[in-house]
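Morning, everyone. I have one structure to walk through today.

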Amino acid sequence: MAESGDLFRRIRGRDGFTTVALDLFSTTANPSPCSYSGSAKRLRIGDAIPAAVVAEEDRHDLVDSLSEEILFLILDRLESDPLDKKSFSLVCRSFYAAESRHRRALTPLLSDLLPAALARYPLASRLDLSLCPRITDAALASVRGALRSSLRSIDLSRSTGFSQAGIGNLAVNCAALVEINLSNATDLSDAAAAAIGRSRNLERLWLARCKMVTDMGIGCIAVGCQKLRLLCLKWCLGISDLGVGLVAVKCKRLRTLDLSFMPITKKCLPAVLQLPHLEDLALVGCLSIDDEGLISLKQECKSLQVLDMSNCQHVSHAAFSSVLNKAPGLRQMTLAYNCLVTHSLASSLQKLSKLRCIRLDGSEVTTSGLGTIANSCKSLRELSLSKCSGVTDEGLSSIVMKHKGLVKLDVTCCRNITDFSLASITSSCNSLTSLRMESCTLVSKEGLRLIGQHCHLLEELDLTDNDLDDEGLRAISGCQKLCILKIGICLKIRDEGLIHVAKSCSKLQEIDLYRSIGITDTGVMAIARGFPLLQTINLAYCTGITDDSLRSLSKCSNLYTLEIRGCPQVSSLGLAAISVGCQKLTNLDIKKCYHVNDAGILFLACFSQNLRQINLSYCSVTDVGLLALASVSCLQNMTILHLGRLTPSGLAAALLACGGLTKVKLHSSFKPLVPKPLLKHIEARGCVFQWRDKPFQVELEPSEVWKQHSQEMHVE
């Protein structure tokens, strides 16, 4: 007989002896117990032991005798869930010590926890502080002292409070540092950039939205950090052609360069294109780049594989064609929200034999242009035409019929395509793993059934706002590899259709049923039973669900995101069940759940210690409930509009007690009622207040909502 566990197996034989075995190499999630005969891939520990003698002390001696190498193999198997590692470390002292030496990545939620984390994990090499709203120079000094020789990566992309002195000391003293993310450090100056330039081994650097850095600062980085392979300067408005040119001259190892939304012109492009190893270039929203600059370019960039020139509004199809002709090795091209995609532009793709991904989102396309793409790009695997005007059955069908190897297709809001296109897609592209076709309103319910009948490899399917019915869902149940299913605003689906999907698609992790008003508790119960891996569910404005739905979902222990806004029959009883059963919950939206009060929030505060984001607007929560959330140390984002029973003093106390908040949305009527020194104190901790002046909204009946929706569609 075997006592089953994930890694340890204690097997009792008929002779009354016990053998303990470890299964470290099985690729299955729950490997079967090791047999007596064993194999080359089974590691057995301990000889036969009389079962009656295996007491508590003997078990401790057994686990304490495991080598560190074996313990590390076990920990490698637990990478996916941090709670598993925590449980592992609590087994005994040797397990605790092994977990301490094994962990390489730290992501503390509060800066106050940083000293303890650094003491606990002295060999950490990756430190993510993006969840800590305020990091001081003293905190960075403690990082430098604890991880001087091991630190290779630090992320400060959402942190404030440090100066050039703090970041400079870190850069100079941590010689192993190869990666720094300082995105959104809007106060970062040239002095700080000069300090970063002293980190000689730096290979990856993000400076997005560092608007105070100028050519002087980026010049210091270019001279000092010549090993850079990745550099992001997105929205660095103080850097001009001079600074970018200096980077291109000094940092010859660059492979990835993001210059999006910068005030650069054609002057720096020749030097950029001459980078010998450049593979990924982003020029999104560079409004000063025009046709003249691009057409005059003579340099080829044979190493370039990924190019994004979305939203370059002053560039025509002729200039784009000129650029594409100079990148023969291109594999991925994004020209979203740009010029008309004509036959001439599409013809330039014929030379790109390696092109696998084309994204033209928001652009105007022509049938002739799509036809030319169909005759080019023999290696095409991904195509995105989301929100493109001009997509017709003829143009789309010409592509899918000639590119049967497509694995990802996005035709979101292509409102002119019909069943003809879908028939071409499903008959030709049987290898599709992702199909997005939100708001393709001319496709009939009969046409949608073709998806489930032919595309059995789908992992992601978005049919939001379509004519889908239960028969369509019955067909989709044939897509047994589905992980993501979005069927919001599909007014014809009922519980019966969901039951079909729940019986077959056991791998589903995310389902969106936004405003699917025909769904009741029966359908949600089927979801909870059929999707054991469920992580995200959107039931917003599914007005037919009650607490019974939440009780059934409480069995989904992996649930991370729950949206139930506008579900008036849900109460604190249902929320209490979710709190107890779904303790991994991080995002919760209970806006306009009028019967959720302090009782439900108290359960949430007690059991949902991983909660990071919550929307309480229009609920019946008072000062007591809001203050209780202070016990949730992970909480960072709160939206609390129109809480009728909330007082200014209660709000002030809750804001003061919730020390980890980074963003709070409040009604502007509270602004003059909360003491200004208190607001400044909370802002100094790294919290941003967003004041809203929205009037109180009474929810319409579902029939009225869709009458209004239909009228808006008719006007369009």
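One definition before we start: a residue is buried if its relative accessible area is under 20%, exposed if over 50%, and partly exposed in between. Keep in mind that this is a predicted model.

Let's begin with Phe 95. Its relative accessibility is 1%, so Phe 95 counts as buried. Phe 88 comes out at 6%, which is under the cut-off, so Phe 88 is buried too. How do their rings sit? The ring centres of Phe 88 and Phe 95 are 4.4 Å apart and the planes make 20°, so this pair is stacked. Across the structure there are 5 aromatic pairs.

Here is another of those pairs. Phe 603 and Phe 607 have ring centres 6.1 Å apart, with the planes at 20°, so they are stacked. Both sit in helix 24, residues 598-607. They are 4 residues apart, about one turn of the helix.

Next, charges over rings. Arg 515 lies over the face of Tyr 541, 3.9 Å from the ring centre. Lys 592 lies over the face of Tyr 618, and there the distance to the ring centre is 5.0 Å.

Stay with Tyr 541 for a moment. Its phi is near 60°, a positive value in a residue other than glycine. Why flag that? Because most residues other than glycine have a negative phi. Where is Tyr 541? In the loop between strand 22 (536-538) and helix 22 (547-553). Its relative accessibility is 8%, so Tyr 541 counts as buried.

Phe 261 also has a positive phi, near 60°. Phe 261 is placed in the loop between strand 11 (256-258) and helix 11 (269-273). At 22% relative accessibility, Phe 261 counts as partly exposed.

Now the cysteines. How many disulfides are there? The count is 0. Take Cys 251: the nearest cysteine sulfur belongs to Cys 225, 7.3 Å away. A disulfide needs the two sulfurs within 2.5 Å. Cys 251 has 0% relative accessibility, so it counts as buried. Cys 414 is in no disulfide either; the nearest cysteine sulfur, on Cys 440, is 5.9 Å away. Cys 414 counts as buried, because its relative accessibility is 1%.

Last stop: strand 26, residues 637-640. Which way do its side chains point? Asn 637 and Thr 639 go one way, Met 638 and Ile 640 the other, and all are buried. Strand 26 pairs with strand 25 (residues 613-615); the two run parallel and are joined by 3 bridges. In that pairing, Ile 614 stands opposite Met 638. The chain gets from strand 25 to strand 26 through helix 25 (residues 623-628), and this β-α-β crossover is right-handed.

Strand 26 also pairs with strand 27, residues 663-667. This pairing is parallel too, over 4 bridges. Thr 639 has Lys 665 of strand 27 as its bridge partner. Helix 26 (residues 648-657) belongs to the β-α-β unit made with strand 26 and strand 27, and that unit is right-handed.

To recap strand 26: parallel to strand 25, parallel to strand 27. That's my tour. Questions, please.

How values were computed:
Residues are numbered from 1 along each chain as its sequence is written. This is a predicted model: local features need pLDDT of at least 70, side-chain atom pairs count only at pLDDT 80 or more; totals for chains, interfaces and linings use all residues. Side-chain values use heavy atoms; hydrogens and water are left out. Buried means under 20% relative accessible area, exposed over 50%, partly exposed in between (1.4 Å probe, protein chains only). Two strands pair if DSSP finds at least two bridges between them. A crossover is right-handed if, with the strands pointing away from the viewer, the path from the first strand over the helix to the second runs clockwise. Rings of Phe, Tyr and Trp (its six-membered ring) pair if their centres lie within 6.5 Å; planes under 30 degrees apart count as stacked, over 60 as edge-to-face and the rest as tilted. A charge sits over a ring if NZ of Lys or CZ of Arg is within 6 Å of the ring centre and within 35 degrees of the ring normal.
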